[in-house]
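Here are my notes on this model, as numbered points. Please read them with the structure open.

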Amino acid sequence: MADSYQFPFPQKMIFIYNNIKSETTDFSKLCRCCMEDGDIGIYETDFQGLSLAAIIEFCTHTELALDEDLPKNICQQCFDQLTASYLFIAKYLKLQEYITKIADSQIREEIKIEVEQSDTKVLFAIIILTMKLIMFQITQKMM
Ligand SMILES: [Zn+2]
């Protein structure tokens with residue numbers, strides 16, 4: 001990577017983060033997410049049409065600046081976790097949209113059925129009333 005940031009001290013650096021010890025001479029080659037060695041560029045690598053940087057921003061609600069002096073790589077393990085997280089969040093959001101539509105249409109369907117049922121009740125009431133009237137007229141004529 002031509003524009004990779006070179007840490008000002010060329011000697012080996014040792015980082016201990018979360019009990020993981022990292023040794024490097026190039027700060028920019030560390031994993032942005034766990035400080036282990038990372039060789040997957042977050043700006044150069046695409047996943048499902050998005051750069052890994054965009055996916056990190058999407059999943060973490062943070063903004064990454066291209067010119068910041070922070071590692072621009074991630075390791076394979078973090079890549080796997082990141083893409084799995086992204087797929088899960090994207091799946092969840094897509095499904096919420098879909099089931100909300102279903103719930104809306106189900107409510108509409110329930111209202112429609114209720115209206116149809118009340119229409120049927122009115123119709124039956126009219127038929128019964130008409131039949132009672134006819135029966136009444138018949139019995140009146142017989143008298
Ligand atoms: Zn990592």
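**Notes on the predicted model**

1. Start at Phe-79. Beyond residues up to four places away in sequence, Phe-79 touches Ile-40 and Ile-74. Bear in mind that this is a predicted model.

2. Phe-79 belongs to the largest nonpolar core, which has eleven residues. H1 gives the most, with four residues. As background, nonpolar side chains in soluble globular proteins tend to be buried together.

3. Next, the overall layout. The chain has two helices and six strands. From the N terminus on, the order is β-β-β-β-β-α-β-α. Of the 143 residues, 11% count as buried. Take the contacts between residues at least 6 apart in sequence: 50% of them join residues at least 24 apart.

4. Now the annotated cysteines. An unreviewed UniProt entry lists Cys-31, Cys-34, Cys-75 and Cys-78 under "binding site". These four span 48 residues in sequence, but no two of their C-alpha atoms are more than 8.1 Å apart, so they gather at one spot.

5. Is Cys-31 buried or exposed? Cys-31 counts as buried, because 22 C-beta neighbours lie inside 10 Å and the cut-off for buried is 20 or more. Setting aside neighbours within four places in sequence, its contacts are Glu-36, Asp-37, Gly-38, Pro-71, Asn-73, Ile-74, Cys-75 and Cys-78.

6. Compare Cys-34. Cys-34 is placed in the loop between E2 and E3 as well. With 17 C-beta neighbours inside 10 Å, Cys-34 counts as partly exposed. Outside four places in sequence, Cys-34 is in contact with Ile-20, Cys-75 and Cys-78.

7. Last, Glu-57. Which helix holds Glu-57? Glu-57 lies in helix H1 (residues 52-60). Glu-57 has 15 C-beta neighbours inside 10 Å and therefore counts as partly exposed. Leaving out neighbours within four places in sequence, Glu-57 is in contact with Thr-62, Glu-63 and Leu-64.

Notes:
Residues are numbered from 1 along each chain as its sequence is written. This is a predicted model: local features need pLDDT of at least 70, side-chain atom pairs count only at pLDDT 80 or more; totals for chains, interfaces and linings use all residues. A residue is buried if 20 or more other C-beta atoms lie within 10 Å of its own, exposed if 12 or fewer, and partly exposed in between; C-beta atoms are placed from the backbone. Two residues are in contact if their C-beta atoms, placed from the backbone, lie within 7 Å. UniProt positions are given in the numbering used here, feature names are shortened, and annotations may be inferred rather than shown by experiment. A nonpolar core is a set of buried Ala, Val, Leu, Ile, Met, Phe, Trp, Tyr and Cys residues joined through C-beta atoms within 7 Å.
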